[in-house]
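Subject: The structure you were waiting for

Hi there,

Here is the structure, with my notes on it below.

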Amino acid sequence: EFFRPINVRRDAFCRLAVEYQLNVKPGWVCYAGWNPDNVRKAVGELMRREVRPSALIIADKIVSPVYSELRSMGLVPGKDVHVVGTDDMPWAEHVDPPLTSVRVSRAEVADRILDAMTAIKSGEDIKRSYFDTEIVARISTGPARNSLTRS
């Protein structure tokens, strides 16, 4: 299933993982869609691997099935596996445990979109732009574990 914003994020993550020499195993980066059952299945498959990720980067809106699947496996979000959202939705701090998330200024995004639309209307070319981000640390992340293997 092709969903451009997700693919752009995934490609950027993979590029940065290589640039920063992160130990990301094949198959750890996947798209599970928005259906809660598909999300739970994908999380379960990832976490049952011999070598499993120590953190999951997710869209905030799928936190409920992610937390649910982790708990059904006896894993505690924020302790046994870190969970980081990508949207810092207003309710992210109210889930249990509160979700660490990446914040992008929606006002800055709106301003840039309006600037781009004005440029297009004037016949100008627009360039890809990047936004400043902020990690809002909450309880869904904690100190890194020493081992990635299942216990």
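Let me start with the cysteines: a search of the whole structure finds zero disulfides, a disulfide being a pair of cysteine sulfur atoms within 2.5 Å. Cysteine 14 is in no disulfide, and the nearest cysteine sulfur, that of cysteine 30, is 11 Å away. The scale I use calls a residue buried under 20% relative accessible area, exposed over 50%, and partly exposed in between (1.4 Å probe, protein chains only).

Before going further, please note that this is a predicted model, in which local features need pLDDT of at least 70 and side-chain atom pairs count only at pLDDT 80 or more, while totals for chains, interfaces and linings use all residues. Residues are numbered from 1 along each chain as its sequence is written, and side-chain values use heavy atoms, with hydrogens and water left out.

How confident is the model?

The mean pLDDT of the protein is 87, and 92% of its residues reach 70 or more; pLDDT is the predictor's confidence in each residue, from 0 to 100. Helix 3 has the highest confidence, at a mean of 98, and helix 1 the lowest, at 82. (Helices, H or I with at least four residues, and strands, E with at least two, are DSSP runs numbered from the N terminus.) Over residues 146-151 pLDDT stays under 50, and the model has 12 contacts beyond four places in sequence for them. A contact means heavy atoms within 4.5 Å.

Four strands form an open sheet in the order 1-2-3-4, with mixed pairing. Strand 1 and strand 4 are the edge strands, each pairing on one side only. From one strand to the next, the twist averages 20°; for such angles, axes are lines fitted to C-alpha atoms (for helices over the stretch in contact), and the angles run from 0 to 180 degrees between N-to-C directions. Two strands pair if DSSP finds at least two bridges between them. Strand 2 and strand 3 run parallel and are joined by two bridges; valine 84 has threonine 100 of strand 3 as its bridge partner. Strand 3 and strand 4 run antiparallel, with four bridges, and here valine 102 is partnered by isoleucine 135 in strand 4.

The core

Which residues have the most contacts inside the largest nonpolar core? They are Val43, Met47, Leu56, Ile58, Val66, Leu70 and Val83, in a core of 17 residues. Helix 2, strand 1 (55-58) and helix 3 (63-72) each supply at least two residues of this core. By nonpolar core I mean a set of buried Ala, Val, Leu, Ile, Met, Phe, Trp, Tyr and Cys residues joined through side-chain atoms within 4.5 Å. Leaving aside neighbours within four places in sequence, leucine 56 is in contact with Val43, Leu46, Met47, Val66, Leu70, Val81, His82, Val83 and Val84.

Helix 3 deserves a look of its own. Its buried residues are Val63, Pro65, Val66, Tyr67, Glu69 and Leu70, and they pack against helix 2, strand 1 and strand 2. Just after helix 3, glycine 74 takes a positive phi of about 80°.

Backbone details in the loops

Two residues other than glycine also have a positive phi. Glutamine 21, at about 55°, sits in the loop between helix 1 (4-19) and helix 2 (36-47), and counts as exposed at 72% relative accessibility. Aspartate 88, at about 40°, is in the loop between strand 2 and strand 3, and is buried, with a relative accessible area of 8%.

The loop between strand 2 (82-85) and strand 3 (100-104) also holds proline 97, which a cis peptide bond joins to aspartate 96, with omega at about 0°.

Finally, glutamate 124 lies in the loop between helix 4 (106-121) and strand 4 (133-136), and is partly exposed at 48%.
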